[in-house]
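Please keep the sequence and the structure in view while reading.

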Amino acid sequence: LTPRATIEIPGGARRLDRILGLIRECRHSFHDLSRVEIDRRHPPTPRFNMPFELGLTVALAMTRGRRHNWYVFEAKSRRLNKSLSDLDGTDPYIHGGEPRRLLLALTNALVRSRHQPTIAQLEQIYAELRRAARALKRELQTESLFEARPFHDLVVAATRSAQNTLGTLSR
Amino acid sequence: MGGKAIISTPLPSARAVGQKLGVDKRRVAKLIRLMDSIHRGNRVSPVPLGKKRSVATKRVNVKAR
C-alpha cells in the first residue's frame, strides 16, 4: 500500500475535488476520528473534516462499482457510538492514542494482507522513521511534515525502511 | 467492515514508490542511503541531507585548530 494524502496534490483544484479524487484512486482508506476535538483557537470549534471525509468514503464505497475497504480508528471505545451513531454496527479499531496500539490495530485491520509483520518489526520501522523525520525537518527547515514535499519524502523513506526490515516486501 | 478482499499485491520498492509520486530519482537515492544508514544503526549525519559544508566553514575550522 502506498500512503496518499490531500496535501501532496499541488495545483489550484478545490480541496473537495482533490479528496474525492484520492478516495476514488485508493482501494483502502483509514479514518482516524480520535482527533475530532474542540480547537482551542478562537472561535472554539470541533474539526469536522475527518468524519466528513469518512462520510464521503462510505457514500462512494456504496455507490461505485469497484470495492473500497474503509476502516475507522478511535482512541476510546464507545466514543464512536456517541459521536457518530449512524455508524452503529461498525466496530472501530481502538488505539488509545498510543503508537504501539495503533500499529497493533493496523495489523488487525489488514489481517488479510500477504505481508504480516510482527509488532517488533513495525516498531523498528516506526523508530527509524522518527529519526528520518527529524533529519528531514532539519534539512527542509520545516516544522511540519504535513506538506507535499516532506510527505513524499516520508513515504519513500518508510517504504525503504519496510524493505530493510521485512524480507517479504522485496520478494 | 471486514471486506472479503485479500491484499495480495506485492509492495513496490522505494524507487517505484518515488517514481509513482514524482519524486526526483536522485532524491530517492539520497533517502534510500539515509534509511539504510539508520537501519544499520548509524547516527544520522548532523549535516543536512544533500547540503555540503561550504569552503568558508572548512577554513574557519582549520584556523580554529
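Arg78(A) is exposed, with a relative accessible area of 70%; buried means under 20% relative accessible area, exposed over 50%, and partly exposed in between (1.4 Å probe, protein chains only). This is a predicted model, in which local features need pLDDT of at least 70, side-chain atom pairs count only at pLDDT 80 or more, and totals for chains, interfaces and linings use all residues. Residues are numbered from 1 along each chain as its sequence is written, chains are lettered from A and ligands numbered from 1 in the order in which they are written, and side-chain values use heavy atoms, with hydrogens and water left out.

**Loop residues with positive phi**

- Arg78(A) sits in the loop between β2 (69-74) and α3 (79-83) of chain A; helices (H or I, at least four residues) and strands (E, at least two) are DSSP runs, numbered from the N terminus.
- The phi angle of Arg78(A) is near 75°, which is positive although the residue is not glycine.
- Gln141(A) belongs to the loop between α5 and α6 of chain A, and its phi, near 50°, is also a positive value in a residue other than glycine.
- With 66% relative accessibility, Gln141(A) counts as exposed.

**Packing of α1(A) with α2(A)**

- Helix α1 (residues 15-25) and helix α2 (residues 49-63) of chain A pack at an angle of about 50°, and their axes are 10 Å apart.
- Axes are lines fitted to C-alpha atoms, for helices over the stretch in contact, and angles run from 0 to 180 degrees between N-to-C directions.
- The two helices are therefore oblique to each other (under 35 degrees is roughly parallel, over 145 roughly antiparallel, 65 to 115 roughly perpendicular, and the rest oblique).
- Residues of α1(A) in this contact include Leu16(A), Ile19(A) and Ile23(A), and those of α2(A) include Phe52(A), Leu56(A) and Leu60(A); contact means heavy atoms within 4.5 Å.
- The buried residues of α1(A) are Arg18(A), Ile19(A), Leu20(A), Leu22(A) and Ile23(A), and they pack against α2 of chain A.

**Nonpolar cores and a buried threonine**

- The largest nonpolar core has 15 residues, and Leu154(A), Val156(A), Leu21(B) and Val28(B) are among those with the most contacts inside it.
- A nonpolar core is a set of buried Ala, Val, Leu, Ile, Met, Phe, Trp, Tyr and Cys residues joined through side-chain atoms within 4.5 Å.
- α5 (119-140) and α6 (148-165) of chain A, together with α1 (14-21) and α2 (25-39) of chain B, each supply at least two residues of this core; α6(A) gives the most, with four residues.
- Another core, of eight residues, lies apart from it and includes Val58(A), Ala61(A), Trp70(A) and Leu87(A).
- Not counting residues up to four places away in sequence, Val28(B) touches Val156(A), Ala14(B), Arg15(B), Gly18(B) and Val23(B).
- Thr159(A) is placed in helix α6 of chain A and, at 15% relative accessibility, counts as buried.
- Leaving aside neighbours within four places in sequence, Thr159(A) is in contact with Pro12(B), Ser13(B), Ala14(B) and Val17(B).
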